[in-house]
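Here's a quick briefing to read alongside the model. Have the sequence and the 3D view open as you go.

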Amino acid sequence: MSGVLGELDLLGPTAWGEPCGTAVLKHTAEDFQVNEVLDIPLSGAGEHLWLWVEKRGLNTEDAARRIARAAGVPLKAISYAGLKDRQALTRQWFSLHLPGKADPDLAAAEGDDLRILERARHSRKLQRGAHAANGFIIRLTSLQAEREALEQRLQQIAGSGIPNYFGLQRFGFDGGNLHEARHWAERKTLPEQRNRRSRVLSAARSYLFNRVLARRVADGCWNRALPCDLLAFTDSRSFFPAGEAECSDPRLAALDLHPTGPLFGAGELETGGAVRALEQQIQADDAVLVNWLAEAGLEQARRVLRLPIGGLTWHYPATDILQLEFVLPAGCFATVLVRELVRLLPTGSVDTPCEY
């Protein structure tokens, strides 16, 4: 695979049909708001200073560098739970390791694009992936869609969920992260820089998961259990095999329990039957990437194929604006919901499609 990679190359088919219309996303940073949900009570004492930070038009890594410079500490002393979009208004936690040190003056880190909203001491640093979820407020502007069709689609999504694809952001501009992953995989080596290594490994693993999910969406079985599937609850990383009884478990219909797909790595697939055959086919089709992930030390894991949309509500602040509010588990992508609703246009356009 070479050249520019589009949405269907990197994700797959939508579940609920053609887009209901067109709209613009992220005309302003306020049109895409993210609030990290962190269910960790802070003790008020300890050698780690936790910061609740609001960022506008600034990515997480750049914010961490600003905070480190202002605090006079190395970048490795700064921790955060997850990466947030640059072109957005986001609020997330950071922690600073300050053993034996007083709280630093962080005024130099603040500005129009970064504000520190809260500070608290804690005994432990903030770990990657520690946040439970992300809350979203999304405004789709320049909306051109038939209102009744849009309402039906929203009701369908609220009641049945969407395919849990990794979003385009994971793959970089025109799929550049995946191209880079293939470059390293073909040479059977890894980049030395930790962040770069993590980025290309994640892109490859996410792409392979999306390929499995795309096949199941096309076959109409992404949202139901098949015999020999591995099932998991929405917020759980553990899973169990599906027999005949499990395939009719009422918790599947309630969107509490879901079939899963592989995050490839070292070890054997634990699925069976037709599910295993599909996963093995994806494995064989891209053996170079799969083997590279295993050799990099990643272990087999699973991810739910279906994404329930928590607390989804919507309204129309104006006739050409749709505002959505919802909560997603950590590691899930709001843009995947949007693509089930509308085709996105570049800012300022009314007729040219856009990747984001």
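Predicted model: local features only at pLDDT ≥ 70, side-chain atom pairs only at ≥ 80, totals over all residues.

Residues are numbered from 1 along each chain as its sequence is written, and side-chain values use heavy atoms, with hydrogens and water left out. Helices (H or I, at least four residues) and strands (E, at least two) are DSSP runs, numbered from the N terminus.

**Helix α5**
- α5 has 26 residues and reaches 38 Å from first C-alpha to last, close to the 38 Å expected at 1.5 Å a residue (the expected span is 1.5 Å times one less than the number of residues).
- The α5 helix (residues 194-219) lies across β11 and β12, running at about 130 degrees to β11.
- Contact here means heavy atoms within 4.5 Å; axes are lines fitted to C-alpha atoms, for helices over the stretch in contact, and angles run from 0 to 180 degrees between N-to-C directions.

**The four-stranded sheet**
- Four strands make an open sheet in the order β10-β9-β11-β12, with antiparallel pairing (two strands pair if DSSP finds at least two bridges between them).
- β10 (240-241) and β12 (301-304) stand at the edges with a single partner strand each, so one side of each has no neighbour in the sheet.
- Inside that order, β9 (residues 230-233) and β11 (residues 257-263) run antiparallel and are joined by three bridges, with Ala-232 opposite His-258 in β11.

**Strand β5 and its partners**
- Eight of the nine residues of β5 (residues 89-97) are buried, where buried means under 20% relative accessible area, exposed over 50% and partly exposed in between (1.4 Å probe, protein chains only).
- β2 (residues 32-37) runs parallel to β5, joined by three bridges, and Asn-35 sits opposite Arg-91 in β5.
- β3 (residues 48-56) pairs with β5 in the antiparallel sense over nine bridges; Trp-50 has Ser-95 as its bridge partner in β5.
- β4 (residues 78-80) also pairs antiparallel with β5, over three bridges, and Ser-79 stands opposite Ser-95.

**Helix α7**
- Asp-285 is found in α7 (residues 273-285) and counts as exposed because its relative accessibility is 57%.
- From Asp-285 to Gly-273 is twelve residues in sequence and 18 Å in space, C-alpha to C-alpha.
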